[in-house]
Amino acid sequence: MMDSQIMTENPLLLPLNKDKTVYDGFITVQERDFRIRISLPPGHQLKQAKLHCCWQLKRLLSGYQPILKQRLHHAPDLVSFILELKTVLELAMRSRPDCQTIPPPQYYSQLITEMQSLGWDKLLFIDSEFRTLKLQGEDSAGRKHILTVKLKPNYPDEAPECVADLPFPFLMSWTPQSTLAHIHGRFLLHLEGLAEFWSALDEIDEQTWVLEPEKPSRADAMRRIAIGNNVSIKVEIDPRHPKMLPDCCLLGAEHVVTPLRTKLNANMHLWNPDCSILQNMRDVLEIEFPSPSTHEKSSLSAECGICYAYRLESAIPDQVCNDPRCGQPFHQVCLYEWLRGLPTSRQSFNVLFGECPYCSKPITVKMAVQKA
Ligand SMILES: [Zn+2]
Ligand SMILES: [Zn+2]
């Protein structure tokens with residue numbers, strides 16, 4: 001083993017006891033010093049050495065443990081191992097650019113000052129590195145929203161990255177004088193501008209059966225609403241004009257959809273921007289939407305009659321049997337595969353003609369289907 005007190009100039013490690021089983025010191029990689037301690041068993045076997053690292057080092061070396069273990073097993077002596085450790089560390093630092101740049105102390109003091117003036121009650125979360133913050137905001141209807149702010153090491157010179165559950169990206173002009181309070185203020189403005197949009201969607205979500213999206217986020221502007229058994233309407237609401245007539249698309253069997261479409265076209269002029277979207281849709285389509293208080297979701301069964309699932313990858317059951325007493329929906333792929341397997345089906349170009357698996361009335365399916 002080593003006899004010298006100082007193992008090498010860099011890294012600088014000193015034995016802490018007479019038996020030289022514990023070494024303590026620093027290892028310098030890319031101008032950063034990391035505290036390190038190595039303990040050896042009484043027999044000085046390197047294989048059983050234990051490495052004690054500071055948390056920064058631990059974080060850097062996570063994922064490299066198998067390599068280190070292997071090096072410990074094969075290194076002829078402690079000095080060689082420490083040099084190998086240095087090489088591994090250099091590699092680790094290069095592959096993790098975020099670890100290379102630890103912000104200067106002013107970064108942290110500035111952040112604390114800014115949080116104090118913003119109010120700590122607005123802070124929901126901060127990570128251990130003080131890089132990612134989650135700020136809380138409330139809109140006029142009392143809905144809570146979260147803004148995730150990712151700070152760059154040279155904050156506030158460089159603009160932080162802000163992400164929130166909004167129907168459009170969070171945007172703000174940034175100067176080095178901007179602060180967290182500016183970001184939060186901007187966030188509240190966004191929330192205020194969207195309050196009416198979210199109220200319109202909340203009303204739909206509470207009073208109707210929404211088939212899609214399954215779990216709407218605050219960013220989702222689309223809803224597919226059940227109208228009846230296997231009939232639905234898909235609306236795309238403009239977040240900036242949430243009371244205007246949205247883009248509508250009726251889905252279901254032709255015999256049900258056609259009269260609804262006729263009403264929609266005939267009554268469109270009745271759309272009243274002072275009323276909510278839901279009320280307007282009731283008036284224009286002259287229907288009552290089934291709601292959770294009046295209908296079970298199962299009575300609006302929209303599952304595919306072949307695979308019994310609603311969603312197949314991203315596809316929904318949009319092929320519907322046109323027989324008025326049936327109206328069973330199917331996934332396009334499921335229906336195509338089903339008809340292809342029947343000896344009675346016939347194909348013409350990419351269209352298959354066959355019988356509905358439910359009512360045996362004629363049904364067709366295209367491979368490349370046109371959306372309604
Ligand atoms: Zn299916
Ligand atoms: Zn049928």
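Leu51, Cys53, Lys58, Leu61, Gln65, Leu68, Lys69, Leu72 and Phe81 line the second largest pocket of this predicted model. A pocket here is an open set of points on a 1 Å grid over the protein atoms alone, where a 1.4 Å probe fits, with protein on both sides within 12 Å along at least five of seven lines; lining residues have an atom within 4 Å of a point. Local features need pLDDT of at least 70 and side-chain atom pairs 80 or more, while totals for chains, interfaces and linings use all residues. Residues are numbered from 1 along each chain, ligands are numbered from 1 in the order written, and side-chain values use heavy atoms, with hydrogens and water left out.

**The pocket**
- α2 (65–74) gives the most to the lining, with four residues.
- β4 (50–53) and α1 (55–61) each supply at least two; helices are DSSP runs (H or I) of at least four residues, strands (E) of at least two.

**The zinc site**
- Cys304 (SG), Cys307 (SG), His331 (ND1) and Cys334 (SG) hold the zinc ion (ligand 1) as its protein donors, 2.1 to 2.4 Å away; donors are N, O and S atoms within 2.8 Å of the metal (3.2 Å for Na, K and Ca).
- Along the chain, these donors follow the spacing C-x2-C-x23-H-x2-C.
- Cys304 and His331 sit 27 residues apart, Cys304 in the loop between α8 (277–285) and β13 (319–320), His331 in the one between β14 (329–330) and α9 (332–340).

- His331 is buried at 0% relative accessible area, and Cys304 is buried at 1%; buried means under 20% (1.4 Å probe, protein chains only).
- In α9, the buried residues are Gln332, Cys334, Leu335, Tyr336 and Leu339.

Notes: Buried < 20%, exposed > 50% of the residue type's maximum accessible area, 1.4 Å probe, protein only.
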